[in-house]
Amino acid sequence: MQPRLDRLGAYPFERLKALFSGFQPNPELAHIDAGAGEPRLPLPAFVAPALQQHLAGFSKYPSTVGGMELRSAIASWLSRRYGLSSVNPATQVLSANGTREALFAIAHALVNPDAEKQTGRKPYVMMPNPMYQIYLGAAYTAGAEPYLLACNSETGFAPNLDSVPDEVWADTALVYVCSPSNPTGWIADEAYYAGLLALADLHDFYIVSDECYSEIYWADKPSGLLQVAENLGRKGFSRCLVMNSLSKRSALPGLRSGLIAGDAELIKRFTKLRSYTGPATPLPLQHVAAAAWSDETHVEQYLAVYRQSLEAFFDIYGGEIPAGSFFVWLPVSNDEAFALAAYQQQSVTILPGSYLGSEDANGINPGSGYIRAALVDGPDAAAELARRLKQVRV
Ligand SMILES: Cc1ncc(COP(=O)(O)O)c(C=O)c1O
């Protein structure tokens, strides 16, 4: 048996199920599920015709890297979105079956677990804390030690790179960035990415930038890692990979389609791993995905809905609208007690923030004392959620 798996805790939604076990939601209120980040907006209009037209593709094995139509659509989107001068779809782009699998698998392609034999220390995989839990699972199973960058009100919810000692950088193999951040809504600015790139050159590590919420923002359109790399005059996006997804921007979480793009050397390495693990996107779904990356009208419509939802929520609940993502990250006295009370009293499912964080060496979990709610059902549901959360008594 693989002992590294023993270091993984139960996934947040399993923990939530256990927390709610034996308790009932208030039967007098319709249930609101703000737990998962699953956009429940209408399907974009192009989905059904694109699927219908390419149904025959289900009779063929798709290639793991993704067909050229999809990879070209992705490359064009990246170029348009970030003003990139060139992205080569053949060497710098891969299809992902949703970014979750890709964010997990990438650590297995880029981290050398045998580094420990040479240095006596495990390589570090650095990540924000709280985080999308996949980074943590990836680090453990790839034989690395997670290095957690606390994101709290003191850091403005930024993972503070200045806090990292040189000896930690020296053993760092990979850094995950998440901007806009799930769960805090923090957005990395260009200077942040530039600082990280300089550190990557100095200490020889790779950067994986999870930009799944790039099209969901309150005021300023978020920058991306590849954009900053190119603006700095770096050649070929060296050391950089970005991942992005149709799940959030196009409200297509069930399509399971995303992109991986960046440094051709890293793409080649990852392709080799993927040729064995085989996360191929079915051909008809690749056509839907290509259509989704080629259309911004539906993305703008969804952005308007996400913004209306944020506004509706904060008008009632009070507080500051996050810079990015459709999550609200609210301070509460005791996150588990609050989530359970919200379920029992108000028939609302939200996630305790501690389930999205991990205890650091000092036993501090920066997710503790927060809850995360996803505004994924439109403005009316967001307003109702705010009204109900205000009434929760712990
Ligand atoms: C930060 C972040 N990254 C990646 C993902 C994965 O999304 P998908 O696998 O649907 O592309 C999610 C999903 O919730 C997420 O919140």
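Colleague: Where is R239 found, in terms of helices and strands?

Modeller: Helices (H or I, at least four residues) and strands (E, at least two) are DSSP runs, numbered from the N terminus. R239 sits in the loop that runs between helix 9 (225-231) and strand 7 (240-245). This is a predicted model, in which local features need pLDDT of at least 70 and side-chain atom pairs count only at pLDDT 80 or more, while totals for chains, interfaces and linings use all residues. Residues are numbered from 1 along each chain as its sequence is written, and side-chain values use heavy atoms, with hydrogens and water left out.

Colleague: What is the phi of R239?

Modeller: Most residues other than glycine have a negative phi, and most peptide bonds are trans. R239 is not a glycine, yet its phi is positive, about 75 degrees.

Colleague: Is R239 buried or exposed?

Modeller: Buried means under 20% relative accessible area, exposed over 50%, and partly exposed in between (1.4 Å probe, protein chains only). R239 is buried because its relative accessible area is 17%.

Colleague: Which value does phi take in A251?

Modeller: A251 is a residue other than glycine with a positive phi, near 50 degrees. A251 belongs to the loop between helix 10 and strand 8 (258-262). Its relative accessibility is 5%, so A251 counts as buried.

Colleague: Now the peptide bonds. Is the one from N129 to P130 cis or trans?

Modeller: That bond is cis, and its omega is near 10 degrees. P130 lies in the loop joining strand 3 (124-129) and helix 6 (134-141), and counts as buried because its relative accessibility is 2%. P130 also shows how sequence distance and spatial distance can be read together: S358 is 228 residues away along the chain, but the C-alpha atoms of P130 and S358 are separated by 6.7 Å.

Colleague: And is the peptide bond from N182 to P183 cis or trans?

Modeller: The N182 to P183 bond is cis as well, with omega near 15 degrees. P183 is in the loop between strand 5 (172-178) and helix 8 (190-203).

Colleague: How far apart in sequence and in space are A264 and Q92?

Modeller: They are 172 residues apart in sequence, and 4.9 Å apart in space, C-alpha to C-alpha. A264 is part of helix 11 (residues 264-277) and is partly exposed, as its relative accessible area is 29%. E116 is in helix 5 (residues 115-119) and is partly exposed at 32% relative accessible area.

Colleague: What does the side chain of N26 reach?

Modeller: For this, read polar contacts: pairs of N or O atoms within 3.5 Å; within protein, one must be able to donate a hydrogen and the other to accept it, and residues adjacent in sequence count only if both atoms are side-chain atoms. The N26 side chain reaches the backbone nitrogen of E28 at 2.9 Å. N26 lies in the loop between helix 1 (12-20) and strand 1 (32-33), and counts as buried because its relative accessibility is 18%.
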